[in-house]
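This report describes a few local features of one protein model. Please look at the sequence and the structure before reading on.

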Amino acid sequence: MDRECVSLLPRVCEVLRGSGSSLPDDTSLEKLLDWFTGLTEAGGSVQETCPCLLEFISAVVLKTSSDPGVICFTLKLSGLIASTEHGFKTLQGSVLDMAFNPQHWRDAGLWEDPCIRIGWIQGLRNMLQHSKAFTFFVQADFIVPLLQLQTDSSLFVASAANQTLAHTLVFFQPGGNGTFKDHGKVERTQTSISDEEPFSQDYSSVLGTISQFLKESLLPKENTGLHQSQQVLKLLALLLARARQPLRDKLLGTVADSLQELVAAGYSQLTPPLMDIILAAYSSSSTDDCVPDQRVTRLLSSMLNITKPSDLIGAAAAFLRGGRHHQDTVHTAWAVRILLLPLHIVTGQTLLGTDTTVEEHRFSIAEKLKIKTSCVSMICVCLTHTPPITLMPGDLLPCPPVSILTAVLSLLRIVSGDSSSLSSGCSEVFRNLVGSGKVQKCALEVLTGLSSSPGMKDKQTEVVTVLIQYLNNPDSDPTVIHKSYQALLKWMSVCEDVSSLTDNFKQDLIDVVKKRVCDMRWEVRDSTVEFLGKLAGVLKQGEETCGALLGGCWSTPLLREALQDPESYVRASAISALAQTLEPSWHQGAAVTQGQTDIVTRLLEILSQDTEAFARRAVVQYFIAWFSSRSSHTSPLSSPSSSSSSSSSSLRTNSVSSVLSLGSADLDWEVKVHTLELAELLMDEACSGHRGYRKGSDTPPALRHPYAVISARPLGEGAESDLAGALRNLVEQGVVWALLSGLVDCDRPVGLKACQLLITLRDTVCPRPPPGASPATAAASKVSCELPGCGWGREIRKIPGMKRLDRVKEADVAHRTRCGEVGIERTSEGGDSVCVSVCDILSSLGLDEKLDELSQSSDHVHNSALSLLQDILTASAAHTQQDTEPGQEVIVDCY
């Protein structure tokens with residue numbers, strides 16, 4: 001532990017012990033406890049390292065006038081210290097007896113505060129990690145108040161008591177290895193669990209008390225209603241999920257009859273927790289490689305034959321979600337039929353085959369479907385489970401998967417108002433379903449999922465027809481249209497031959513897209529341009545099909561028009577879609593068209609003028625996509641004079657400097673990071689193959705092996721000249737400027753990315769030569785870069801290593817002299833630009849030290865334990881000052 005933290009801790013304890021009111025930030029106590037917990041889990045002894053804590057605990061326990069938050073913290077801390085046998089011995093006696101005696105806090109009038117009860121429960125939970133603590137728990141008869149707190153009025157208290165009871169039984173169960181996983185926290189291990197008779201008797205006593213409580217509390221009482229039953233069922237589910245034999249058998253034997261009575265009572269609110277118990281019992285039994293307990297299967301059979309339709313559907317859905325169909329095929333087949341029955345009734349499709357075993361539920365479910373709220377709810381539950389049902393083995397299904405798809409399509413037609421798809425005698429159901437946005441959205445999601453089910457390809461045309469109808473429907477809301485586009489893309493992506501669909505729906509698709517791209521609702525326009533971009537990815541498999549569906553004659557003009565959309569989300573989506581629909585002619589140096597030039601011009605306007613960052617980010621990502629997709633024989637770094645002025649390669653090259661310049665100066669940090677990603681792409685293209693260059697900026701030099709094999713391109717005179725030429729082009733394109741400006745950016749992610757790239761560039765163009773050897777990159781060292789006299793250039797020149805460069809020094813002296821002559825004091829805002837060797841800059845910036853600094857989060861100072869302790873002291877001092885003006889307080893910046 002840090003020495004300074006240890007020295008501050010006694011003062012912090014004094015502040016907490018004497019506080020009669022909460023700290024300005026009460027979460028500081030939780031953070032302080034987290035710190036102590038981390039020290040304990042790392043094997044440290046908190047009480048030995050911080051002996052002042054023992055005095056603090058004793059004082060707070062005795063002084064019941066302390067703030068309830070401080071008392072709660074103290075109880076948790078006491079349990080944490082007592083979680084080791086050594087710490088338990090240190091606190092054993094009056095401190096633990098008083099701290100965890102509920103009557104002590106009742107007498108002080110504090111037990112009614114939920115904060116105290118939470119502290120008591122979680123303190124016990126922290127402590128119960130070894131046999132001595134368990135013996136203390138039993139002898140003090142803490143099991144009684146812990147059981148009473150199961151039905152506490154505070155849900156937080158009841159849940160904490162629930163978890164602690166489950167922990168107690170499972171952690172100390174006979175035959176266990178003494179481990180208990182606490183929801184992602186570090187796993188603790190019992191220091192010792194004695195096999196002696198007294199411990200076994202204590203455990204049997206606790207188990208008997210809890211089992212009796214479960215048995216008596218499962219059935220609702222008149223005075224407690226269903227709340228107690230719900231809490232007990234939660235506890236039982238926790239226990240069964242974690243228990244092993246013989247504990248699981250003992251628990252089931254105790255509660256099986258009560259559970260059957262509860263199922264027979266037909267409490268709808270208890271259906272979900274009852275299914276949780278069944279699934280927990282199945283899961284725990286499967287870990288032991290044994291068949292499910294007969295008591296569990298009987299309980300499941302009762303649940304899957306409940307007379308209330310909503311509860312029946314809910315139980316069947318919960319069972320299938322639990323994934324038990326591999327173990328219990330009989331109940332799985334039954335649950336499948338139950339879930340398909342509402343679709344069978346509504347659509348008239350033959351989904352149940354000749355099996356009439358669930359017909360007894362047909363009438364009750366049909367009657368329930370005539371009530372709108374229950375109809376929509378039941379249909380959505382059934383729909384949600386149809387995709388996984390179609391993937392089950394054929395012997396579990398009452399019909400082919402394609403019949404289920406047919407039913408979903410019929411349902412979509414019914415909801416859109418097509419009564420011809422409705423089965424006879426269901427006019428009341430039709431009124432409940434027509435126009436239901438919830439059912440539409442659910443059915444479209446299901447339709448998307450069914451695309452990967454077996455035997456569906458024959459239905460592709462029918463699916464596409466229904467989706468086009470939904471896109472054309474003037475009553476479809478934006479979310480329905482969005483989900484229709486998603487489903488259409490999914491079904492097209494699984495088509496074996498997209499061209500087979502072209503003649504059937506090409507014109508319909510073009511018409512509906514042209515209609516929706518002009519919709520008054522921006523969400524619809526956004527979904528439409530987004531669809532066009534994703535469609536390009538789906539159609540990559542066939543150039544002819546792609547040309548037929550995405551020909552520039554209709555899709556590109558629509559996207560170009562969307563660049564002018566008043567909504568920034570739509571503009572951003574249009575830019576992304578254009579990047580995805582880049583035509584081959586953009587990549588291969590073909591003659592550039594006026595339309596292409598107009599697109600690039602508009603994108604640069606957006607990057608320089610758009611007030612919304614979404615669109616500006618998309619512009620930089622567009623150029624990243626453009627440069628990434630260029631053909632291998634086209635060099636993006638060739639100078640403008642080296643290619644025809646009318647080629648797309650020249651257009652790309654001429655625009656990159658503007659993108660780097662504008663993106664580097666953007667106010668949005670994500671735009672700047674994307675700009676650096678573009679710069680990295682250009683670096684990769686320029687330097688790839690040169691010795692020492694590593695692609696990607698995420699691997700720091702320290703992680704590379706000193707004898708690692710690197711690119712073997714020889715560094716002869718020609719290679720040296722190539723490297724110098726590449727560096728010169730990077731300077732001309734503005735890549736070096738972008739990296740240098742990013743290095744001193746106020747946003748840490750930008751600075752970190754820039755620093756990583758600068759180190760890569762440094763190690764490539766100006767590596768440190770071995771002792772006695774002459775520099776191998778003399779040509780590269782002659783390449784220079786201009787540093788501006790203000791802004792980021794001034795910040796670069798302020799770096800200590802840069803001040804040693806002669807040309808920088810001369811420029812600064814001249815600038816100060818000139819400022820002095822005209823009486824200007826703020827010299828940092830002006831200055832002359834200076835031309836400096838790129839290698840000199842890279843060698844003088846102290847990049848390795850800068851990388852270490854930037855690699856640490858800014859929180860590494862503010863989130864420290866020392867900062868937390870200092871904040872508590874500062875906040876307390878400010879809180880006690882009599883002259884503090886109303887409304888002024890110190891905000892604790894604890895992590």
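Q460 lies in helix α26, which covers residues 460-472. Helices here are DSSP runs of H or I with at least four residues, numbered from the N terminus. Q460 is buried, as its relative accessible area is 11%. Buried means under 20% relative accessible area, exposed means over 50%, and partly exposed is in between, with a 1.4 Å probe and protein chains only. Leaving aside residues up to four places away in sequence, Q460 touches W491, V494 and C495; a contact means heavy atoms within 4.5 Å.

The model is predicted: local features need pLDDT of at least 70, side-chain atom pairs count only at pLDDT 80 or more, and totals for chains, interfaces and linings use all residues. Residues are numbered from 1 along each chain as its sequence is written, and side-chain values use heavy atoms, without hydrogens and water.

Two residues have a relative accessible area stated here.

| Residue | Relative accessible area | Class |
|---|---|---|
| Q460 | 11% | buried |
| D141 | 42% | partly exposed |

D141 is in the loop between α10 (131-139) and α11 (143-148). D141 is not a glycine, yet its phi is positive, at about 55 degrees. Another loop, between α14 (227-242) and α15 (247-265), holds P246. The peptide bond from Q245 to P246 is cis, with omega near 5 degrees. Most residues other than glycine have a negative phi, and most peptide bonds are trans.

Helix α21 has 13 residues (372-384) and should span 18 Å at 1.5 Å a residue, which agrees with the 18 Å between its end C-alpha atoms. The expected span is 1.5 Å times one less than the number of residues. Among the buried residues of α21 are S374, V376 and L383.

Notes. Helices (H or I, at least four residues) and strands (E, at least two) are DSSP runs, numbered from the N terminus.
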